[in-house]
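Good morning, and thank you for coming. I would like to take you through a few sites in one protein chain, and I ask you to keep the structure in view as I speak.

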Amino acid sequence: MFDIKVVLTKNVLLGAIAMAPCLYITPASAQESILTPVLSTASNFRDLAGISASNGGTGFVNTTSNSGVMRTGVFYRTDALNNLNNADWTTLSALHIGRDIDLRTPDEIYGPPAAQDVVPKGATWTNINILGTQAGAPLPFWGTPADAVSFMQTGYQAFVSDPVQKNGFRTVLLTLANDAGPDLWHCASGKDRTGWTAVLLQSIAGVPEATIMRDYLATNSYTSEILSTNKKYLLSVHPGWDPETIDALLGVESSYLQAGLDQVIASYGSMSAYLTQGLGLTQADLYVLRAKMVYYLELPGQSGFVGNAASGAAFLNALQNSPLSGHYTDYNYYLQSAVDQGTLGGVQTRVGGQVYADAASFLLRQPQRLDEAITPYTIGRDLPQGQTRIWMAGNGDNFSTSGHDGISGSTENSGGSIIGATYRVSSRASATMGLGYNWGAVESADADATVNTVLATFGGRYGFSALDAGPFIEGRADVGWVDYESERDLGGGLGVATGSTTGSVYSGQVRIGNAIRLIPLTITPQVGVRVTGVSLDGFNEGDSDLALSVHGIDETFFNLLADVDFSLDPKQMGGWTIIPVVTVGYERLLGDPQVEGTATLYGYTVSQKSAYDSQDLVKASVGLSAEQGAFTVKGRVSGVITEEANSSGISGLLSLAYSF
């Protein structure tokens with residue numbers, strides 16, 4: 001079974017009849033028009049993405065399964081380019097075609113008559129001889145129409161059953177899969193070998209069978225004028241030939257393609273099995289080809305996602321237009337398999353790096369933890385003027401926020417110690433300073449971040465009548481140097497993205513209060529304001545296709561504070577003086593409580609918000625102080641909870657002090 005290149009002339013007629021045939025072998029939008037240029041000297045040139053309305057198509061790109069649409073400008077099919085004129089050569093060259101794949105036999109290319117391609121500028125000419133022979137058998141123009149149809153159908157069956165031809169089509173598809181730029185392929189008339197190649201690609205893309213058949217038959221429309229000219233010429237030279245036989249051999253019929261498709265089922269059971277078992281393509285090969293050809297307007301479940309999950313899904317969608325798509329990458333395999341399976345597998349919640357925002361949120365609430373360690377020593381009571389108390393406090397904390405609104409839950413664990421000194425400046429004033437280290441571990445969206453902070457703090461208290469009684473004012477400033485490291489398990493075979501950066505955290509607060517003596521306890525209400533800021537430098541992740549370029553985070557929070565301490569009068573127990581303390585407090589964040597982090601990859605941006613999103617925080621603690629001479633031991637257990645109980649935590653503190 002063979003086809004011949006149009007136009008035939010008297011001098012080339014016999015050679016052309018003996019030629020082997022061309023055996024059948026951007027984000028896109030569903031409303032993207034087919035604007036493929038028309039070539040006067042290669043009439044069957046067209047974009048694989050769809051057929052113009054004038055040639056029986058819709059005029060728009062073809063749709064595929066799973067909400068996909070064909071991409072234009074990726075793959076082109078055509079008839080031989082040996083007659084290409086300068087205007088058409090210029091038009092083709094403007095399409096930046098990287099490879100011209102010639103499916104013809106040597107005799108078809110080198111003749112006689114010679115019919116070598118006029119290769120577009122910048123393109124590489126590659127010959128993949130589908131038939132594997134020097135020349136093909138002559139077309140049976142002298143036979144009956146039934147003979148011609150049978151001849152063509154047998155040729156299509158050979159596409160599927162002949163080992164040499166199968167290897168040829170395998171080579172074509174692998175070449176297309178591995179090439180970076182737009183490619184075209186052709187045989188002689190661009191209908192049989194070229195047509196079967198197009199059918200394989202459209203099947204891989206998920207184009208409906210009816211559309212595949214329609215596009216296949218469009219050859220009769222694209223080449224109608226030249227076929228009519230050839231037919232008239234053949235009949236003028238051979239008036240005894242049957243016009244229907246000529247039509248059957250120069251054009252295409254649905255039965256030809258159907259013969260090949262039926263052979264696929266008979267030999268392999270399905271097109272998928274033919275591609276993998278018959279042609280030996282891997283799933284990765286098929287996924288690369290499909291990604292080159294198809295853009296999915298919506299990924300599985302995408303319309304139902306909200307919050308960080310929606311942002312992550314949109315990011316995965318956008319990356320279809322990045323260098324990760326249409327190549328042998330982990331991302332490409334993941335996304336195409338996700339489309340097949342109908343689920344993104346949770347990657348939409350992990351891809352954006354929520355843990356960065358959660359880590360920043362953790363740091364912004366770090367001064368609250370410092371309060372528990374430092375506050376018991378800011379008063380400096382029981383210190384004679386001019387004396388100092390050295391103290392060391394160790395604390396541990398667990399805090400969690402439940403997942404909500406498409407945002408994954410987070411868990412924070414921290415522990416650290418601080419060494420400080422409180423100096424009694426006068427009967428009304430004291431000063432406190434300290435240095436410490438805090439280790440933090442933040443987990444969210446299958447990511448782990450370690451946040452280590454070296455801290456310095458300085459503060460003071462002034463009593464308007466006395467240091468530990470009556471109205472007072474106190475203030476404190478904290479600064480920390482942050483070291484950040486994270487690992488994000490992306491799932492879906494995408495590996496673990498790792499990264500690290502540094503930054504700083506700072507805060508300042510002022511409180512006013514009144515220590516009211518009501519035997520047998522002292523009640524100390526106080527109100528204040530705290531300003532906290534965090535700055536984390538941007539950084540680049542590694543070790544994964546979806547490793548992000550993470551933007552820096554700079555956030556400042558303003559909190560209103562209100563606390564009441566209930567301190568019982570000291571009690572003697574043996575040689576120890578015991579003082580129980582109960583504290584309840586409330587914090588109100590002014591502004592949006594969520595931290596937002598952003599990152600980019602190949603120019604596409606993804607944003608994620610922290611799990612913590614509460615403006616109101618209620619806290620309570622129970623503490624006990626035991627003093628013996630110059631030594632003091634303090635312990636405290638605290639709990640915090642937010643509005644609607646989205647977040648809660650518990651912490652413990654143990655400290656030792658010595659006065660001199």
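Leaving aside its neighbours within four places in sequence, which residues is Ser444 in contact with? Before I answer, please note that this is a predicted model. The residues in contact with Ser444 are Gln354, Val355, Asp358, Gly409 and Ser410. Ser444 itself belongs to strand 11, which covers residues 429-444. With a relative accessible area of 3%, Ser444 is buried, because the term applies to anything under 20%. Its side chain is joined to that of Asp358 by a polar contact of 2.7 Å.

I turn next to the nonpolar interior. As a general point, nonpolar side chains in soluble globular proteins tend to be buried together. Here, the largest nonpolar core contains 109 residues. Trp196, Leu275, Met293 and Leu546 have the most contacts inside this core. The element that gives the most to the core is helix 17, residues 354-364, with eight residues.

Let us take Leu546 as an example. Not counting residues up to four places away in sequence, Leu546 touches a set of residues that includes Leu316, Leu319, Leu324, Tyr331 and Val351.

A nonpolar patch of about 840 Å² is made by ten residues, among them Tyr462, Phe464, Val527, Phe558 and Leu590. Strand 14 (496-518), strand 15 (521-536) and strand 18 (553-568) each give two or more residues to the patch. Val527 is found in strand 15 and is partly exposed, with a relative accessible area of 46%.

Where is Gln615 found? Gln615 sits in the loop between strand 22 (604-609) and strand 23 (616-628). At 25% relative accessibility, Gln615 counts as partly exposed, because that class lies between the buried limit of 20% and the exposed limit of 50%. The side chain of Gln615 makes a polar contact of 3.4 Å with the side chain of Arg588. A polar atom of the Gln615 side chain also lies 2.8 Å from the backbone oxygen of Gly591. Finally, Gln615 and Thr642 are 27 residues apart along the chain, with their C-alpha atoms separated by 7.9 Å.

Notes: Residues numbered from 1 in each chain as written. Predicted model: local features only at pLDDT ≥ 70, side-chain atom pairs only at ≥ 80, totals over all residues. Heavy atoms only, no water. Patch = residues over 30% accessible without salt bridge, like charges linked within 9 Å, V, L, I, M, F, W, Y side chains within 5 Å. Areas by Shrake-Rupley, 256 points an atom, 1.4 Å probe, with all protein chains shown as cover. Salt bridge = Lys/Arg side-chain N within 4 Å of Asp/Glu carboxyl O. Helix = DSSP H or I, 4+ residues; strand = E, 2+ residues; numbered from the N terminus. Buried < 20%, exposed > 50% of the residue type's maximum accessible area, 1.4 Å probe, protein only. Polar contact = N/O pair within 3.5 Å; in protein donor to acceptor, adjacent residues only side chain to side chain. Contact = heavy atoms within 4.5 Å. Core = buried A, V, L, I, M, F, W, Y, C linked by side-chain atoms within 4.5 Å.
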